[in-house]
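Open the structure in your viewer and keep the sequence panel beside it. The tour goes from one selection to the next.

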Amino acid sequence: MSHSKISYTGKSAHAAAYPEAGVNAADAFTVAQVAIGLLRQQLPPSSRVHGVVTHAGDAPNAIPERSSGRWYVRAETLAELAELEPRVMRAFEAGALATGCDLEIEPESKPYAEFRTDETALGHYRANALARGREFAPPGQAARMNRASTDMGNVSQVVPAIHPYIGIGSLPATNHQHEFAAYCVGGTAQRALLDGAVALAWTGVDRSVPTGAATP
C-alpha cells in the first residue's frame, strides 16, 4: 500500500462577481475522483483505491484557492503496486490539467510490502487457538480482512511472521463501525484478548523448537 497527500493550488476569486478570475482547486478533486471512479472498472479485483478530501475551500462565495486530501492505493504485491500507482496519479494530474491548478503529490510514508506468511507458524497458531476453544470463520469470509494493510508486511519479508485475526462475535458489525467498537469492550472481548495472547505465546514456543525435536 502507498499513502499520498494530494494538494491542488489554484486562484481565489469572488464566486458571483468575478468567477472567471478564479482557478478552482476544489474542482480539480472532482475531476480526479471521477477519473479514479472510471479507472476502478479496469483494476484487478484485489486492488483498492480510496481516500478523502480533507480541505476544499473556506466560504461558498469564494472560489477555493487550495484543496488537499489523502489517498491510499492497495495491491497484492509491491510489483503490482508499482504498475497501479502511476495510473492513479495520472487521474490527479488530469484534475490539474482540466482546471489549471498546480498539483503536489507528497508520499506520507514508504510503501507497505505484501505480507509473507510463515506457514509452519500459522499451523501452530491454528492448533493452539483450537486448543483454546476458538473457532475459525470460513476462508472466504475470513480472507476479506487480508485487504487491510500493515507495515508488518515489511517485517515479514525479513523474519518469519504471521498475522492472524481472532473473533469477538461482532458480525455483522465490522471494523470502523460504531457497533463494532461496542463489541470491543466486555467479557467476550477480554476472552479473545487472552486467547489470542496465549495462542501466540504457545506458537512462539512451538516455532522455536526444531522440527522433530522432543518437547518437555
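What should the 22 residues of helix α7 span at 1.5 Å a residue, and how far apart are its end C-alpha atoms? Select residues 187-208 in this predicted model.

Now colour its buried residues. They are Ala-189, Ala-192, Asp-195, Gly-196, Val-198, Ala-199 and Thr-203. An α-helix has 3.6 residues a turn, so residues three or four places apart point the same way. Next, show what lies over these buried residues. Their cover includes α3 (residues 119-131) and α6 (residues 178-183).

**Zoom out**

Show the whole protein as a cartoon. There are seven helices and four strands. Along the principal axes, the C-alpha trace spans about 85 × 40 × 25 Å.

Switch to a surface view. The accessible surface is about 13400 Å², and carbon and sulfur atoms account for 56% of that. Of the 216 residues, 28% count as buried. Colour by charge next: there are 18 positive and 21 negative side chains, and the centres of the two sets lie 6 Å apart.

**Select Glu-114**

Go to the loop between β4 (residues 102-107) and α3, where Glu-114 sits. Is Glu-114 buried, partly exposed or exposed? Its relative accessibility is 27%, so Glu-114 counts as partly exposed. Display its contacts beyond four places in sequence: Glu-76, Thr-77, Leu-78, Gly-153, Ser-156 and Gln-157. Then draw a distance to Pro-64, which is 50 residues away along the chain. The C-alpha atoms of Glu-114 and Pro-64 are separated by 38 Å.

**Finish in the α5-α6 loop**

Move to Pro-172, in the loop between α5 (residues 152-156) and α6. Most residues other than glycine have a negative phi, and most peptide bonds are trans. Check the peptide bond from Leu-171 to Pro-172: it is cis, with omega near 10°.

Last, select His-176, which is also found in the loop between α5 and α6. Phi of His-176 is near 70°, a positive value in a residue other than glycine. Is the residue buried or exposed? With a relative accessible area of 85%, His-176 is exposed.

Definitions and conventions. Residues are numbered from 1 along each chain as its sequence is written. This is a predicted model: local features need pLDDT of at least 70, side-chain atom pairs count only at pLDDT 80 or more; totals for chains, interfaces and linings use all residues. Side-chain values use heavy atoms; hydrogens and water are left out. Helices (H or I, at least four residues) and strands (E, at least two) are DSSP runs, numbered from the N terminus. Buried means under 20% relative accessible area, exposed over 50%, partly exposed in between (1.4 Å probe, protein chains only). Accessible areas come from the Shrake-Rupley method with a 1.4 Å probe; for residues, only the protein chains shown count as cover. Lys and Arg count as positive and Asp and Glu as negative; His and the chain ends are not counted. The place of a charge is taken as NZ of Lys, CZ of Arg, CG of Asp or CD of Glu. The expected span of a helix is 1.5 Å times one less than its number of residues. Contact means heavy atoms within 4.5 Å.
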